[in-house]
Amino acid sequence: MMIVLLTDRTTRPAGRASRTVILAIALLVGWAPVVPGGQDKEPPESSVTVVERELSLLEQDPFDLITLDAANDNAQLKVLPLMDGTRKAPLRVDLGKQYTVRLVEDDTEQYTINGRNIVRIELYEEQLLKEAQRLMKAQELDEAFDYFFALQSNYPDLPGLDQAFNEYLYRDAGNMAKSGRLAEALSSLEELLSRDAGYRYPGTTRSLWELMDAILSQIVDKYVDQGAFGSARRLLARVDKDYGDDELKSVARWINQLISMAIDKREEARELMNEERFREAIAAAKDMVRIWPNVEGGRELEQELSQLYPLVAVGVLQPALSHDAQRLDNWGARRTGRLVFRDLVEFLGAGPEGGQYEFPLGIIERSDDRRQMIFRLNRMTDPSLRITGYDLARRLLELADTRSPDYLSAWSSLVTGARVQDVLEVHVDLRRAHVLPEALLRIPLNPARKVNENGLPEGDGAFAVDERSENLVRFSAKEFTAGGRLAEIVERTFLDSQQALGALRRGDVDILDRLFPADALRLEENQTPDDPIQVDSYALPTVHMLVPNVAKNPFLANRDFRRALAFGIDRENILNQELLGGREVYGCRVVSGPFPAGGGEADPLGYAYDAQIRPRPYRPRLAKLLTIVAQAHVAEAADRTGDPEPELGPLTLGHPAHEAARVACQAIALQWKILGLECNLVEFPPGVTRDVDGQCDLVYAEIAIWEPVVDARRLLGAQGPAASESSYVQQALRWLDATQSWGEVRERLLQLHGSVHNDVSIIPLWQLVDFFAYHDRIRNIGEHPVWLYQHVDQWRLSVATAE
Amino acid sequence: LLVTDRGEIRVFDVDIADADQPVKDAAAMSKMYDQPVIGYPLTDASSLWVADNRLTNYKIQVTTAQINREPAITHVGDTFVAPLQLFQDVLVHVRRVQRSAGVTVAGVQIDNLRKPLWETRIGVPLGEVVLDSEKNEFLAVTAAAELFDVNRQALEEGIVNEPQANAAIGGIPLAFTDALPLADRRVAVFNPDDYSTWLHLDPAGETRRLRLVKSAVKPVQASCRPVAFQNGVLLPCVDGRVLLLDPAKGEQQTLPFQPRLQPGEEVVWRRPAVIGGGGDFVIADDQRRVYRVGIKPQPQPFLGELQQKQLDLSITSDLATVGDTIYGVAQDGGKNVLLALDPAKLEPAGQWDLEGGRITWGPRCVGDMVLVVINARRMYGFDAGREPLWSEAVDIPGQPLSDPLIRNGEFIFASADGTVWSVSEESGEVAKRLSVGEPLVTGPAAIGKQLMVGGEGTLYIIPPPADPS
């Protein structure tokens with residue numbers, strides 16, 4: 001009788017990748033009916049076993065291995081585990097016992113085997129241990145670990161397991177150390193130590209402690225070499241806490257060495273400070289803190305330095321290539337503009353009647369009939385602020401002069417003349433009343449944009465650009481004297497937000513501007529009460545949009561095509577999942593127009609936003625249909641003019657070089673691909689936000705609209721970053737310019753929102769609240785500032801909290 | 001060789017042995033200018049220099065029939081006024097430097113046209129002469145910013161070659177011809193094309209008596225000639241400001257006067273008249289507005305408006321004051337009238353018909369009266385009592401060059417044609433005249449009993465004009 005056993009029922013461990021199951025055929029040949037009767041079924045008469053192993057032992061269902069005697073050709077039977085629950089290795093064969101088994105290959109049948117015919121029974125766990133040891137000796141340690149792990153988990157009392165595993169750990173540590181994986185080697189040794197502190201590998205003289213000490217020293221040495229002093233300190237501290245320094249001699253040695261290095265840096269910093277080389281002194285002090293924060297006298301030195309020369313390091317993901325507080329579309333330029341250049345009127349924040357403004361040189365009053373602005377200048381005490389009514393009047397007139405490079409059409413249409421009264425008063429006559437004429441004057445106080453011999457801008461702001469390199473811009477306080485509030489701001493550029501966060505944690509930077517939203521939220525969520533890193537959001541959101549280049553691409557000049565692009569973006573998904581990491585954030589939402597929607601109905605910032613206009617939903621099928629319609633229209637138009645029919649090639653989408661824009665644009669490109677629209681992404685150089693070469697079909701823009709009544713023209717007007725050629729939009733802008741009351745303003749802005757929406761002049765995406773994080777040693781940074789340096793003249797520095 | 005006044009150059013090969021075609025083109029270069037330009041060519045072997053409104057060197061290559069322009073083109077914008085001369089390897093050229101007075105003669109090495117071997121200016125007009133009446137000596141400032149000390153020895157020798165000082169700086173146009181006498185015998189001499197830079201002459205100064213001064217206020221575009229006011233220079237500007245500048249330093253003495261302005265407005269100011277014993281001034285614009293302005297001390301000294309009036313007539317001339325009257329020429333119904341204004345009220349106090357003539361000089365305050373010339377041929381005089389000096393206008397020999405010298409009841413004038421003449425203050429009669437026989441640019445001034453007048457690079461000491469009879 002021949003039994004054919006099919007072993008294809010072998011189960012695979014959960015979680016493993018599936019693979020083709022190989023047939024293994026076991027033929028039992030020449031089996032005598034070892035039991036004359038009483039068995040459920042006779043065993044096969046004879047058998048020949050051919051085992052083609054494809055799955056490792058660990059991957060197979062557990063089985064015990066019974067080896068029969070010579071009468072049975074020493075056949076090996078794989079049987080389902082014997083004596084489930086009570087078995088214990090090693091299992092001695094009871095010669096008088098009838099063993100009832102089920103073959104692994106066919107567990108439907110039960111067989112009885114006489115103990116006399118059994119030479120040996122190898123339990124599954126014994127097989128595992130044997131295989132683990134084999135693998136270990138073959139230096140296949142990763143594979144061996146799986147076996148030991150399974151044994152430790154399921155058969156912890158298996159005789160010989162402890163000793164075998166100890167040997168494994170020893171060998172593993174040695175192997176890791178040889179391959180330079182010192183931390184893992186240390187981990188293995190620590191595990192071995194915890195299991196058997198007296199373990200000694202046969203033939204070796206060194207104790208576990210000695211080995212650990214050597215490995216530990218190598219690790220710390222490597223950390224020190226790499227400048228990873230924090231890691232070195234943490235490791236030494238842990239080891240010291242866990243084991244003390246009685247056995248591990250290198251702990252104390254290294255601690256002393258680090259302290260000594262920190263002392264050297266402290267002395268270097270002090271010397272530099274005495275020579276008034278403050279920047280270098282601060283760098284040396286930072287090194288000191290990085291090496292050993294609690295070094296004696298270090299805190300005092302830091303305190304002294306931060307008082308003598310307060311320097312703030314700011315990590316930025318969008319570097320400032322220019323400095324212009326008026327740039328709607330360039331975060332870096334806007335952030336730093338106020339540092340370098342003074343503005344005539346400064347925006348403080350949103351209020352119930354438009355923005356709130358400050359005239360830093362005095363006060364601005366309005367006549368009762370609102371047809372005159374009266375600028376009353378303070379008597380000048382600070383020489384850098386000395387400006388007379390004559391200067392101011394000339395600047396105000398210049399802004400209204402069509403020949404001026406700083407010409408402001410909205411201001412020009414409003415102003416009829418200006419006169420100076422008694423040096424410090426300027427009366428500006430207005431052609432008509434305006435709801436917020438101050439808002440038009442968010443412009444540089446001085447028109448001249450000079451550069452020094454190094455090509456760096458020279459402005460009238462409190463800071464001068466002292467140094468600019470690829471990754472660093474250094475702003476020095478112009479009037480700084482030792483002991484002043486702030487001597488320097490150094491902006492360091494990071495291209496990766498994780499690196500930037502690491503730098504903030506390490507104390508390499510004190511502030512991190514505009515984090516990736518999900519990172520900021522995660523940081524906020526994980527904050528502990530004593531966490532020195534604080535997270536805050538800016539007062540006003542940015543509105544993100546795609547600006548089509550209608551002049552470049554005839555398809556983008558087609559409204560249906562622009563609508564198709566809008567319907568083809570799942571904005572909710574990108575915003576909520578990709579940018580916010582699945583969190584809901586107040587103020588972050590999909591928008592239907594170019595203006596901020598505010599946080600809700602009551603948010604005064606949203607006065608230009610028409611909540612009745614719903615954002616276009618994600619409708620890929622409609623989008624596809626619209627692309628076909630648009631293509632037909634474009635072809636027809638070409639046919640009418642006799643031009644060759646344009647081909648719809650891949651779209652080029654340009655975006656700033658930071659993570660939020662990159663992630664959003666990648667998602668948009670993928671979604672457009674579903675519509676059959678190929679989209680190539682072009683990342684602008686760091687700090688660049690405009691498509692200066694006109695190579696892109698669309699540009700991802702992040703716009704800061706702080707005062708829609710005036711920013712609408714700056715955005716959509718001829719020179720704006722989203723200049724619209726739509727006659728409806730232009731008409732709406734003209735109407736807006738002519739408004740005289742807030743009621744009219746609101747009405748005209750809603751009209752403009754509608755025009756932009758209908759024309760799809762831009763493809764609105766979402767409004768996003770922006771975040772920054774800072775070390776709590778920076779004080780008075782202000783809660784929810786409009787821009788990072790809004791209160792820079794109030795900033796104070798204290799010494800960082802030591803570890 | 002043929003060079004046209006459009007800069008075209010043709011070189012011909014003339015072969016008299018070739019009966020059929022004796023003249024053949026050897027090389028050519030197409031025209032450079034659309035407008036005619038007078039040029040002076042000079043050749044030497046294969047080199048060609050052309051001096052027109054620049055000096056250009058060409059190489060003629062007959063073998064390749066080409067004319068190649070050398071990269072060294074110099075003196076672009078200057079006007080060459082005489083043929084080039086070659087003395088061995090030195091090229092001598094004569095030119096009027098752009099926006100500068102006089103003629104510059106220079107010698108340059110032919111292989112380095114940019115660097116002159118030597119240079120001299122000739123025919124430079126006088127800017128101003130300051131007399132030392134005690135010593136009968138004087139200092140002369142030329143338009144080229146040179147200061148000559150014309151002392152007794154120089155007067156005896158009749159020549160002074162070396163300037164005592166030269167305040168010129170490279171790149172500054174040298175045309176300082178508009179002199180403004182200041183207090184303490186100091187003088188500011190302006191370039192009429194650019195009032196932002198001037199020469200300041202302080203005869204009493206111990207060092208650097210002549211300095212070039214630049215206005216610290218920028219930009220400065222003068223709207224009319226400046227006047228002396230409160231030890232400073234009052235300079236009305238096109239942008240509406242009336243600046244009071246320290247003539248020695250160029251800084252503002254006080255903050256300016258600035259009327260109400262419209263965006264982009266350019267103000268045409270009429271030269272102001274100083275009144276009230278020198279404490280205030282009156283200034284008018286072309287919009288019929290007239291202002292009285294004085295220095296106000298608080299919150300910091302500034303030129304503040306004291307009074308403003310809108311006139312019925314628009315003032316078209318400088319203002320001049322004598323006694324309690326301000327005179328100015330105004331347009332009334334298409335003809336010129338002399339308008340007298342009451343400085344206290346800024347209201348018209350009298351008006352005289354000027355025969356519809358074109359104002360060519362004045363009104364100027366001369367002594368106790370105001371003189372004005374129409375059509376360069378007729379002179380009117382008015383006194384502080386708002387009365388005409390003479391029963392009718394006086395026919396004069398020519399346009400006065402500058403303010404007259406007052407001597408013995410006579411006004412002595414000089415004209416550009418070389419005539420020196422006098423007008424009797426009492427009768428208005430032009431009884432005496434003298435012809436120098438050379439063009440004049442300045443004067444007259446008194447040297448003892450004699451007169452001094454200035455020509456282009458020459459001073460003339462002459463006797464007073466005499467009665468022809």
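Which residue in E6(B) does Leu48(B) stand opposite? I found Tyr58(B) there.

Before going on, I noted the ground rules. This is a predicted model, where local features need pLDDT of at least 70, side-chain atom pairs count only at pLDDT 80 or more, and totals for chains, interfaces and linings use all residues. Residues are numbered from 1 along each chain as its sequence is written, chains are lettered from A and ligands numbered from 1 in the order in which they are written, and side-chain values use heavy atoms, with hydrogens and water left out.

**Entry: a sheet in chain B**

I looked up the strands around that pair. Strand E5 (residues 47-51) and strand E6 (residues 55-61) of chain B pair in the antiparallel sense over five bridges. Strands here are DSSP runs of E with at least two residues, helices are runs of H or I with at least four, and both are numbered from the N terminus; two strands pair if DSSP finds at least two bridges between them.

Stepping back, I saw that E5 and E6 belong to an open sheet of four strands in chain B, ordered E4-E5-E6-E7, with antiparallel pairing. Its edge strands are E4 (40-44) and E7 (66-69), each pairing on one side only. Neighbouring strands of this sheet are turned by 25° against each other on average, direction ignored (axes are lines fitted to C-alpha atoms, for helices over the stretch in contact, and angles run from 0 to 180 degrees between N-to-C directions).

**Entry: where A meets B**

Next I turned to the interface. I have 20 residues of chain A in contact with 20 residues of chain B (heavy atoms within 4.5 Å). The rule finds three salt bridges across the interface, each a side-chain nitrogen of Lys or Arg within 4 Å of a carboxyl oxygen of Asp or Glu. Asp239(B) forms a salt bridge with Arg394(A), with the closest N and O atoms 2.8 Å apart.

On the side of chain A that touches chain B, helix H11 (389-399) and strand E14 (415-421) are the elements giving two or more residues. E14(A) gives the most, with six residues.

The one from Gln298(B) to Pro299(B) is cis, with omega near 0°, and Pro299(B) lies in the loop between strands E26 (289-296) and E27 (302-310). The bond from Gly362(B) to Pro363(B) is also cis, with omega near 0°, and Pro363(B) is found in strand E32 (residues 359-366).

Last, I noted Arg185(B), a residue other than glycine with a positive phi, near 65°. I found Arg185(B) in the loop between strands E17 (178-181) and E18 (187-191) of chain B.
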